[in-house]
Amino acid sequence: MFSTKSKTERTAAQAWEYLTAAMTAAGESAKDTGDKAARLAGKVSDQGHKLSDAGYRLAGKRQTLAGRASGKADVAWSRANAAAAALAGRKPAMPWGLIAGVGLLGVAIGWAVATSTRTALERQAEREELELAETAVVVTPTYDS
């Protein structure tokens with residue numbers, strides 16, 4: 001009547017069962033999609049010379065649909081693996097490549113801004129020096145004898 005397992009253990013067991021079922025379904029879906037795509041490619045290559053333009057378009061649509069199904073199976077598989085890792089207590093890896101790329105981009109933008117600012121300040125200083133030289137009044141003493 002009463003279970004000897006705690007609620008946490010029952011929840012973990014149920015999650016594991018769901019995960020196992022999801023991984024199995026994702027694997028079967030990926031296998032079926034691959035088989036269908038291979039059969040379709042074989043049919044298209046065998047009958048390719050007989051197809052009209054409309055037939056080629058239809059075959060292209062079928063391959064596109066097979067590609068979409070394969071993409072969905074890949075997403076399902078990656079989600080199932082992420083769920084398995086979470087149940088096992090593993091944390092997802094940090095995206096170090098993305099972090100390094102953003103850091104390098106920041107350094108490059110900072111360098112560009114610093115260089116352009118320094119150039120602008122140098123030009124401004126040159127203009128002020130020229131203006132000062134043009135407007136300077138030179139006073140020479142005169143000796144009245």
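Q: What are the ground rules here?
A: In this predicted model, local features need pLDDT of at least 70 and side-chain atom pairs pLDDT 80 or more, while totals for chains, interfaces and linings use all residues. Residues are numbered from 1 along each chain as its sequence is written, and side-chain values use heavy atoms, without hydrogens and water.

Q: Where is confidence lowest, and where highest?
A: pLDDT is the predictor's confidence in each residue, from 0 to 100. Where it is low, the predicted coordinates should not be read in detail. H2 is lowest, at a mean of 67, and H3 highest, at 95. The chain averages 76.

Q: How many helices and strands are there?
A: Helices (H or I, at least four residues) and strands (E, at least two) are DSSP runs, numbered from the N terminus. The protein chain has three helices and zero strands.

Q: Is Met94 buried, partly exposed or exposed?
A: Buried means under 20% relative accessible area, exposed over 50%, partly exposed in between (1.4 Å probe, protein chains only). Met94 is partly exposed because its relative accessibility is 48%. Met94 lies in the loop between H2 (53–87) and H3 (96–135). Of the chain's 145 residues, 9% count as buried.
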